[in-house]
Amino acid sequence: MQEHQHVPIDIQTGKLLDWLVDRRHCNLKWQSLVLTIREKINVAIQDMPENEEIAQLLSGSYIHYFHCLRIVDILKGTEASTKNMFGRYSSQRMKDWQEIITLYEKDNTYLVELCSLLVRNINYELPSLRKRIAKCQQLQRECSRKEEEGQAGAAAQREHFRHACKQYGITGDSVRRELLALVKDLPSQLAEIGAGAQSLGEAIELYQAYVGFVCESPAEQVLPMLRFVHRRGNAMVYEWRTGTEPAVVERPRLEEPPELVEEDAIDWGDFGVESEPGISAEAAGIDWSISLDSESKEPGGDGIDWGDADAALQITVVEAGTQAPEGVARGPDALSLLEYPETRSQFIDELMELEIFLSQRAVEMGEEADILSVSQFQLAPAILQGQTQEKMVAMASTLQELIGRLTSLQMQHLFMILASPRYVDRVTELLQQKLKQSQLLALKKELMVQKQQEALQEQAALEPKLDLLLEKTRELQKLIEADISKRYGGRPVNLLGTSL
């Protein structure tokens, strides 16, 4: 018998209510009685004495049977003056709470209510709070990751912007104005390149002599464009084409694209200007050349002169560059050789041709160690025999520098702007887009920081609620286990599945 008293009673928390009903510890209709009790509690708490412990019991917590017992014990002290000789209280407060306790003890309603609270906390309240806290933590991790991505992306876009501005040769403070300023400085840069080409006389003569020696055609002139620039510098296309300097130069005017009009600065013209009333077409002196007389509708009476239909059309084909009078440089003829795309391409081709010759000749001179190679140049001109490998490499380096200056990315963009001023707007828009993307990513980073702080604050507010709910749930579990243990002769009771 004593061994049976120590056998524990294990009850699954999820089936606790069914367990109480099956063993007839409570009634199936306990919910209706609990509703009646809750109504009486709501009425009773409206008239309570000023007591710190009672205020703590009533502050925000669910009042159950054991709270009511504690309130009655406190009222025995505060309402002691209303106690009569038979041990009863005349205070309405005491009567209300004693009635509530009596209703609770009927059919063990207090026990089933406590079990209902325990099951609800374990199955719903605690998982909900834990889920919200986990969601806050996950949101903080995501915001931290997106913050790092936004910061890295903004830095990358700013670096792309600075790199692109460096390629264009600008600082990026005012992209459009700086690009147009570079275009205005382009003629001076091209003049410097043309001046640099004037030091290539020895390389040109060397190449001419080599071609004449190898091909046995000394009369053929090589590198005509490079020879011209060597003599005249970056002259105009007119001088290259005709051989004479123009008397009048009419350079094509570089049309700067207008600034983009803001949305709130739209020029509507004279849309809102009304004409003065009473002014007719005749008063304005407008001759519309339209007659409303029916007699004027005769054939040929409309006054249109169709000309001589039998005359043959005469089309005159004018060669390019000859539209202007003699001595006048107009259109492409007024451009310099390095500004005009066709002559510039020919100039670059001849520079590359000469550079490749000098580089190849330097390699050959480094390998000419046999008698056959030496004997081949015994009859060569003195300019070919007097060259050294180091001199060839130096002249090739000068040519490579000129080619690099003409074909650099910055120079290519400037030539495109010179050919199409609208290209400035496209470049400006492209660079501004990189800057805007950087700003958007920076704003995204700030937004992620704000969301992370909000999630952290929400988590800080939820964690005390979780701790309080866990404490009250453990208290409910102990009260239920102790009450059930009394009903079974003090046998230990274990509520399983609480995971507190």
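Biologist: What percentage of the residues is buried?

Modeller: Of the 500 residues in the protein, 35% are buried.

Biologist: And how many helices and strands are there?

Modeller: The protein has 17 helices and four strands.

Biologist: What is the average pLDDT?

Modeller: The pLDDT averages 80 over the protein, and 80% of the residues score at least 70. Among the elements, helix α7 (residues 109–168) has the highest mean pLDDT, 92, whereas helix α13 (residues 371–376) has the lowest, 58.

Biologist: Which stretches have a pLDDT below 50?

Modeller: One of them is residues 261–286, a stretch with three contacts in the model beyond near neighbours in sequence. Another is residues 306–322, which has four such contacts and also a pLDDT below 50. Where pLDDT is low, the predicted coordinates should not be read in detail.

Biologist: Let us turn to helix α15. Which of its residues are buried?

Modeller: In α15 the buried residues are Met392, Met395, Ala396, Leu399, Leu402, Ile403 and Leu406. Seen down the helix axis, the buried residues of α15 fall within an arc of 120 degrees, so they line one face of the helix.

Biologist: Why do residues three or four places apart point the same way in an α-helix?

Modeller: An α-helix has 3.6 residues a turn, so residues at that spacing point the same way.

Biologist: What covers the buried residues of α15?

Modeller: The cover includes α8 (175–197), α9 (201–215), α12 (341–367) and α16 (409–419).

Biologist: Which exposed residues are on the face turned away from the buried side?

Modeller: That face of α15 carries the exposed residues Glu390 and Glu401.

Biologist: What span should α15 have, at 1.5 Å a residue?

Modeller: Helix α15 covers residues 389–407, and its 19 residues should span 27 Å.

Biologist: Is Cys143 buried or exposed, and what about Cys165?

Modeller: Cys143 counts as buried because its relative accessibility is 3%, under the cut-off of 20%. Cys165, at 2% relative accessibility, also counts as buried.

Terms used. Residues numbered from 1 in each chain as written. Predicted model: local features only at pLDDT ≥ 70, side-chain atom pairs only at ≥ 80, totals over all residues. Heavy atoms only, no water. Helix = DSSP H or I, 4+ residues; strand = E, 2+ residues; numbered from the N terminus. Expected span 1.5 Å × (residues − 1). Buried < 20%, exposed > 50% of the residue type's maximum accessible area, 1.4 Å probe, protein only. Arc of directions from axis to C-beta. Contact = heavy atoms within 4.5 Å. pLDDT = per-residue confidence, 0-100.
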